[in-house]
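Hi,

Here is the structure I promised to pass on. Have a look at it first, and then read my notes below.

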Amino acid sequence: MPRPPPAAATVALLFAAAALCLSGGGRAAEASSEFNYPAVFNFGDSNSDTGGRVAAGFESIAPPYGSTFFGAPSGRFCDGRLIIDFLMDAMDMPFLNAYLDSVGAPNLRAGVNFAQAGCSITPATATSVSPFSFGLQIKQFLAFKDKVTKLLSKGDRYRRYIPQVDYFSHGLYMFDVGQNDLAGEFYWKSEDQVAASIPTILLEFETGLKKLYEQGARKFWIHNTGPLGCLPQNVAFFGKDPSQLDELHCVAKHNRVAKLFNLQLHALCTKLRGELAGSSITYVDIYTIKYSLIANYSRYGFENPIQACCGYGGPPLNYDSKVPCGQTVSLDGNLVTAKGCKDSTEFVNWDGIHYTEAANFHIASQILTGRYADPPFADKMPFLIKPKF
């Protein structure tokens, strides 16, 4: 049976508890009033891209992308909403507009999304999927802030469409990036070589965070990277030898490197708390949430933990890199189409690389319990919530 739509009230209550972490603790009544971010500025890759890559003209996406919630492709690499959409909804804030999307008179007053599908933390090269690396997204933010400041100095004409100056110091800065730095390297590097690149990747990430801090950013919300080895794309290419798979049929080496990356990212967050005076840095363990979902999928109402909902080839993966979701191509002399499944709520994975809206809702709900954050805030929750999935 298709699960009912996510209960906005439930998610909102969960996010109110998160305020206890981000506002430094306090009684429940105080947390509710303190948890009031005027704007959100997001940086990342396709896990949180709400239309940046499509707006940049690098590619278009066709139905069934967007079909579950938006009724048409929305620029998201998903059948519906992303984790960040549910988090914005929980904060009673509008979905973030992509920085490059000027169509439809976007309102940027509550923040902006710089995320770009395919981006990496490290600077882009000629072979990169996207030129919009993390460093370039930071530069876009700096340009955006400068432009906003100049417009506000000219009077009230644009005030209703853009953030106020103090929004940049009181806003929430969110990050979900790093997956492509690791996954892409496996195609031409050994596991040890990919692992050895992690300090360089994180040095670039640290540099970006400090630039934002210098611009007044104080509230940082950082997602670690998920279990890369459980994506059908990686299982199809690197999992042909069963000895390379773990007990969940995920590629073991990808997950080992992802966990090593997360360990060092966690250590970096701890270090920065001591260096960036007045900052609040929340580290969120996305890996554990996603891996637990895949391991215990039936408990949460899913039927397919790794098989793609939208793809070609059928079980066990329903993924073929030559036939992307929603596209019709000639394969072995025949025209074939990668179609969507009948009920995406039964699937964890959407298109071989990204998660379904149903999975994203589950992940967001788990984030908001506070159990997967450092500093944790589950023990400070003023009520017991049992989310309905």
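What follows is a short tour of the sheet and then of the cysteines.

One caveat before anything else: this is a predicted model.

Let's begin with an open sheet of six strands, with mixed pairing and the order 2-1-3-4-5-10. Its edges are strand 2 (111-113) and strand 10 (373-374), each of which pairs on one side only. Further in, strand 1 (residues 40-44) runs parallel to strand 3 (residues 172-176), and the two are joined over five bridges. Helix 4 (residues 83-90) lies across strand 1, strand 3 and strand 4 (219-223), and its angle to strand 4 is about 145°.

**The disulfides**

I count three disulfides. Numbering the bonded cysteines along the chain, the pattern is 1-2, 3-6, 4-5.

- C230 and C250 are joined with an S to S distance of 2.1 Å. This link is right-handed, with 100° about the S-S bond. C230 sits in the loop between strand 4 and helix 10 (232-238), while C250 is in the loop between helix 10 and helix 11 (252-275), 20 residues apart. Both ends are hidden: C230 is buried at 3% relative accessibility, and C250 is buried at 0%.
- C309 and C341 are joined at 1.9 Å, S to S. Here the link is left-handed, with -90° about the S-S bond. C309 belongs to the loop between strand 6 (304-308) and strand 7 (328-331), and C341 to the loop between strand 8 (334-337) and strand 9 (347-349), so the bond ties together parts 32 residues apart in sequence. C309 is buried, with a relative accessible area of 2%, whereas C341 is partly exposed at 23%.
- C310 and C325 are joined at 2.0 Å, S to S. The torsion about their S-S bond is about 95°, so this disulfide is right-handed. C310 and C325 both lie in the loop between strand 6 and strand 7, 15 residues apart. Both C310 and C325 are buried.

**Two other cysteines to look at**

C78 is buried, with a relative accessible area of 0%. C269 also counts as buried, at 1% relative accessibility.

Over to you, and thanks for taking it on.

Cheers

Methods. Residues are numbered from 1 along each chain as its sequence is written. This is a predicted model: local features need pLDDT of at least 70, side-chain atom pairs count only at pLDDT 80 or more; totals for chains, interfaces and linings use all residues. Side-chain values use heavy atoms; hydrogens and water are left out. Two strands pair if DSSP finds at least two bridges between them. Helices (H or I, at least four residues) and strands (E, at least two) are DSSP runs, numbered from the N terminus. Contact means heavy atoms within 4.5 Å. Axes are lines fitted to C-alpha atoms, for helices over the stretch in contact, and angles run from 0 to 180 degrees between N-to-C directions. A disulfide is a pair of cysteine sulfur atoms within 2.5 Å. Buried means under 20% relative accessible area, exposed over 50%, partly exposed in between (1.4 Å probe, protein chains only).
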